[in-house]
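I opened the notebook with the coordinates on screen and set down what I looked up, entry by entry.

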Amino acid sequence: MAQAKTGDTVHVNYTGKLADGTIFDTSRDRHPVQFTIGKGQLIAGFEQAVIGMNKGESKTVVIPADQAYGPRLEESVAAVDRKHLPADLKAEAGQRLEITQTDDKTILVTVVEVSEASMTLDANHPLAGKDLTFDIELVGIT
């Protein structure tokens, strides 16, 4: 039986959990995820975990933060003066916003705090700094 290797397109079902067991994402209620191993379409640790698996095989892996979404960087959290934001912006703490930077790149940020004078935004990925546990089932290799 062929094992998954770099360059293969694979189909997997997965459930991602935090250290406390909280499920943050799953493909079980959708279709299996398809990706090509080695193209960087998913986090590095997930791709590495699939290498060597056989079709129909399942396993559980813990992916450290540095192989997932990286460390949480405090310099990615900033208070922005309201005068630099659209006047009609009605954001609340916890809300995700897409912002355009001065170099025209767009990034997703999470609103951390809102006041009349400023808004604190966090550009870290919500899973940054966290080790992630994945239950992975290799459904197919093409």
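The entries below go from the ground rules to a loop residue, the cores and a sheet.

Ground rules. I am working with a predicted model, in which local features need pLDDT of at least 70 and side-chain atom pairs count only at pLDDT 80 or more, while totals for chains, interfaces and linings use all residues. Residues are numbered from 1 along each chain as its sequence is written, and side-chain values use heavy atoms, with hydrogens and water left out.

Ser27. I found Ser27 in the loop between strand S2 (23–26) and strand S3 (33–36), strands being DSSP runs of E of at least two residues and helices runs of H or I of at least four. Ser27 counts as buried because its relative accessibility is 0%, the cut-off being under 20% relative accessible area with a 1.4 Å probe and protein chains only. I noted that its side chain reaches the backbone nitrogen of Tyr14 at 2.9 Å.

Cores. I took a nonpolar core as a set of buried Ala, Val, Leu, Ile, Met, Phe, Trp, Tyr and Cys residues joined through side-chain atoms within 4.5 Å. The largest one has 21 residues, and Val12, Phe46 and Ile136 are among those that touch the most other members. Strand S9 (132–141) is one of the elements giving two or more residues to this core, and S9 gives the most, with 4 residues. Apart from it I found another core of 7 residues, including Leu85 and Met119.

Sheet. I traced an open, antiparallel sheet of 4 strands in the order S5-S8-S7-S6, where pairing requires at least two DSSP bridges between two strands.

How values were computed
Buried means under 20% relative accessible area, exposed over 50%, partly exposed in between (1.4 Å probe, protein chains only). A polar contact is a pair of N or O atoms within 3.5 Å; within protein, one must be able to donate a hydrogen and the other to accept it, and residues adjacent in sequence count only if both atoms are side-chain atoms.
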